[in-house]
Structure formats: C-alpha cells, structure tokens
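Thank you all for coming.

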Amino acid sequence: MRGVDRIAIAAALVAMAGCSHVEPWVKPYQRQNFADIIMAPDRDPVSGAYIEHVHDVREGARGATGSHGGGCGCN
Amino acid sequence: MRATHLWAIAAVAMASIPAARGAVLPDDRADVLYHRYDGGGVTVEGPSMLVRKKIGDQVSVSANYYVDMVSSASIDVMTTASPYKEKRTQGTLGIDILNGNTQYSFGYILSDEPDYTANTASFDVSQSMFGDLTTVSFGFSQGWDDIRKHGDPTFSKSATHHDYRFGLTQILTSRLMMGLNYEIVSDEGFLNNPYRSVRYLDPEVPKGYAYQPEVYPHTRTGNAVALDARYFLPFRAALHGNYRYYKDTWGIAANTIEIGYTQPWHRQWIFEVGYRWYGQSAATFYSDLFPRANAQNFMARDKELATFTSQGLSLRATYDLPRLGWKFPERSTLNFFYDHIHYSYADFRNLLEPGTPGTEPLYHFDADVFQLFYSGWF
C-alpha cells in the first residue's frame, strides 16, 4: 500500500472513530449557516462539473474532487 | 479522442453530491448552460442541460445532455497535424434513492464522438450519521471505451477504467464544515492518443528532429486525496479552501490549491472570487526531445504529462430573477462565470518558434473560460 493510501485511510478512521458515541455538538437549530446557499458545495452542479472537466483535460492529476472529472478538446 | 470516463464520473457525481446537510434528496431543478473555452489555439463551446425531478419522497431522477463543439489549432496540431473540428455529445441518466439516512445513487453515461465512444456505469452510497453531523460516502465506477482513428478504418482499440472513491464530510462547528475525499483511478488498455507523436533528434533531416507515434504503458493507477473546508463568516459571506495531492504509477505527482470567497449583495446577487494553483511533475517516460528513434519502451510528448504549473482566477456572479407572481419556478437565477487560466510549461517547448532542437522557447498560453446559464427550481 502506498503512503498516500495509508494517510487517507488513517485520517478517515480517526475522523470516524472520533465521532462514535458522541452527542452531536452542533445542534440542529445551530446549523442554519449550512442551509444558506452560499455554503453549498454543490450550488451549481452543471457548472461545477464543467469547470472540473476543463481542468482534467489539461492536467495529469484526477480524482478526489468530490465530484467531477474531465476529457475533451485535448489534442 | 479523449479520456471521457472521468468526465462521465463527473456527470454522475454532479447529480448527487453528498453534503453535510443530512440525508435529503437534491432539489428539483433545471439548468441550461452555454460554455466556451478559448485558449492555446483551441475553442470548445456548446450547451449543457440538466433536469432533476423527485418521484415521491424517496426517489429522484436526473438527465443531462452535454455537447462539446471543438475547433482545434493547438500547438500539437500545428506542429504535427492539421487543424480540425469535432463534436462530442454526452447523455447521462441518474437515479437517487433515499432510504432513511442512506442514499443510493446509480448512473449511466454514454459519450460519443467520431473516433471515441465511452460507456460508464456508477454506483454510490452516502450515509448520514451522528445526528447528521457526518456524512460518509463511497462509490465505484466502471468504464468501457472504444477508440478509433480518423483515416484508418482498421484501427480499433479499447480501454477500461475502474474508479473507487471514499468521502467524509463533517460539520465541526456551527460555522465550519470540512470534507475529506480519497479516490483511486485505474486504467487499462490503449491509453494514449493515436494522433500524438514524440520528437527525436535526427541529423538526417534539415530541422534536426523527426517524429514517431507515442507509446504509453497499458496500465495506470492514480491515487488522490483532498481536504476541503468551508467557513461561514460572522457576517453573511463564506470562505472555502481545498488542497489535493495526487500521485500515479506513471510518475506524475501533483498539488492543487484552491481558495474562494463568496459574498451576497442585497437580496438578488451572489458574487464569488476564487484563485486556483496547480503544479505537477512529468511522467517518467515524458520528454520534449528524445535522443533517437525508439529511445525507450514508452515515450510521450503530451504536454498533459509534462512538468508545468497553472494559475487560475475565477469571477462569478449570480442574479436571482424576480418571480413576477408566477407559481413556477419557485426560484430562478441567471449566472455569469468567468475563469482566466495561465499555463506555464517547464519542459515542453514551443516548436513554432525558431531555435536549434532542444533550445526553443518554453511553451505557455492563456485560456478564457465563459459560462452563462439559467437555473430554475420548481
């Protein structure tokens, strides 16, 4: 397993373990900020997919964007 | 030709991105977008249309139609081929099923162009937990590509792609939300572009170099991990940042950093400004100029595999349209997004400029990306 794999999995497990058996410390009535449209990561899904596509076509890296990908007009 | 599978994954993912807002189906909406990319001698433009609709309380379906109209006179084309025009169309169907705090998403994408057909199927699960403070997701995609070549009816190649992804989104405070994404992308088959060439020193020709087709490995596996943060400021505005590290078996290592600021203004407007930096090292089998023909088993001169950096500035404006007393849509917006990106290569030379082989100026170019779209919620 590569180093980056180990780091990612360890971070995920630590994050998940830290949440088990824990009362939600941010109550539902304290989450109005996350309901605001300006906090939405997927506010414009069609646009978001397109701009990731623009990057992916011209870059060697791919993945882990939480969405999106690429490939066209690359010649 | 292109690596359409990643775009296909994108299309599915855009239909349903898990967020730390509890398990809820995405809103019913319709989007009509015009996009245009202009840079490095390439223009790509066309529409993208998305419709998403709930069926009952537990099911949401979506469909997307996307077109790229490509007109290319890129530096690769100008040095080794002729300018061309091409059209790519892509259709996406998706369905999301909500069961308690778990959301299941299925997608299928067909991308077609004269010399490339790609099929992709995907499956994602996201689970909201710990009082909806945490959302865990994982997914899998598989793609099958058929690759053809203009002017050579006997050319027929294939490639397959497997994509495994894991995501964690966590509300940390009443203002801060963070996300971790990890993804493995594995490719097998014909992975290079049948039109591209590498150049090598050849003292027998007047300009001192000649070309031969690229040869890529038939497998590639990439690992990417990204950390994302969004922060709601004490006044109504938001900051976001993202860092991604990528490394693959071709020797490419890349870093991506993004920051952005979102500011509403009055009731109608949302403005956003962002900056993105990207840098990568070259693939181990990349060279701008090989010492001789067939110098290695694998050879590439694709600038996507070169050492380079890019910097991008984005400006975005969203205007909420007045409802004018109509029942539908419930909300609608007009959006204008502009991105300017500068690409600067460290080992890819501009062969359109004079110079002895290997001493030509390094290549760089600027790109302008425009998006104009309407979004309606109903």
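**A walk through two chains**

Let me begin with chain B, which has two helices and 18 strands, where helices (H or I, at least four residues) and strands (E, at least two) are DSSP runs, numbered from the N terminus. Before I go further, please keep in mind that this is a predicted model, in which local features need pLDDT of at least 70 and side-chain atom pairs count only at pLDDT 80 or more, while totals for chains, interfaces and linings use all residues. Residues are numbered from 1 along each chain as its sequence is written, and chains are lettered from A and ligands numbered from 1 in the order in which they are written.

Along its principal axes, the C-alpha trace of chain B spans about 75 × 40 × 40 Å. Of the 378 residues in chain B, 40% are buried. A residue is called buried if 20 or more other C-beta atoms lie within 10 Å of its own, exposed if 12 or fewer, and partly exposed in between, with C-beta atoms placed from the backbone. If we take the contacts in chain B between residues at least 6 apart in sequence, 59% of them join residues at least 24 apart, a contact meaning that the two C-beta atoms, placed from the backbone, lie within 7 Å.

Let me turn to the strands towards the end of chain B. Strand β16(B), residues 308-320, pairs with β17(B) in the antiparallel sense over 13 bridges, and two strands are said to pair if DSSP finds at least two bridges between them. Within this pairing, B:R316 has B:F337 of β17(B) as its bridge partner. β17(B) is also joined to β18(B), again antiparallel, by 15 bridges, and B:T333 stands opposite B:S375 in β18(B).

Chain A comes to three helices and zero strands, and 51% of its 75 residues are buried. Its average pLDDT is 74, with 57% of the residues scoring at least 70; pLDDT is the predictor's confidence in each residue, from 0 to 100. Which helix of chain A has the lowest mean pLDDT, and which the highest? The lowest, 58, belongs to α1(A), residues 3-19, and the highest, 93, to α3(A). I would also point to residues 68-75 of chain A, where pLDDT stays under 50, although the model has 54 contacts for them beyond four places in sequence.

Helix α3(A) has 14 residues and reaches 21 Å from its first C-alpha to its last, close to the 20 Å expected, the expected span being 1.5 Å times one less than the number of residues. Because 14 of the 14 residues of α3(A) are buried, this helix is largely enclosed by the rest of the structure. In the segment after α3(A) we find A:A64, which has a positive phi of about 60° although it is not a glycine, and which counts as buried because it has 27 C-beta neighbours inside 10 Å.

In soluble globular proteins, nonpolar side chains tend to be buried together. A nonpolar core here is a set of buried Ala, Val, Leu, Ile, Met, Phe, Trp, Tyr and Cys residues joined through C-beta atoms within 7 Å. The largest one has 41 residues, of which B:A283, B:Y286, B:A300 and B:L305 touch the most other members. Among the elements giving two or more residues to this core are α3 of chain A and β1, β10, β17 and β18 of chain B, and the largest share, six residues, comes from α3(A). Apart from this core lies another, of eight residues, including B:L133 and B:F232.

I will finish with two loop residues in chain B. B:D132, in the loop between β6 and β7, has a positive phi of about 65° although it is not a glycine, and is partly exposed, with 19 other C-beta atoms within 10 Å. B:F190 lies in the loop between β9 and β10, and, having 18 C-beta neighbours inside 10 Å, also counts as partly exposed. Leaving aside neighbours within four places in sequence, B:F190 is in contact with B:I147, B:K157, B:S158 and B:A159.
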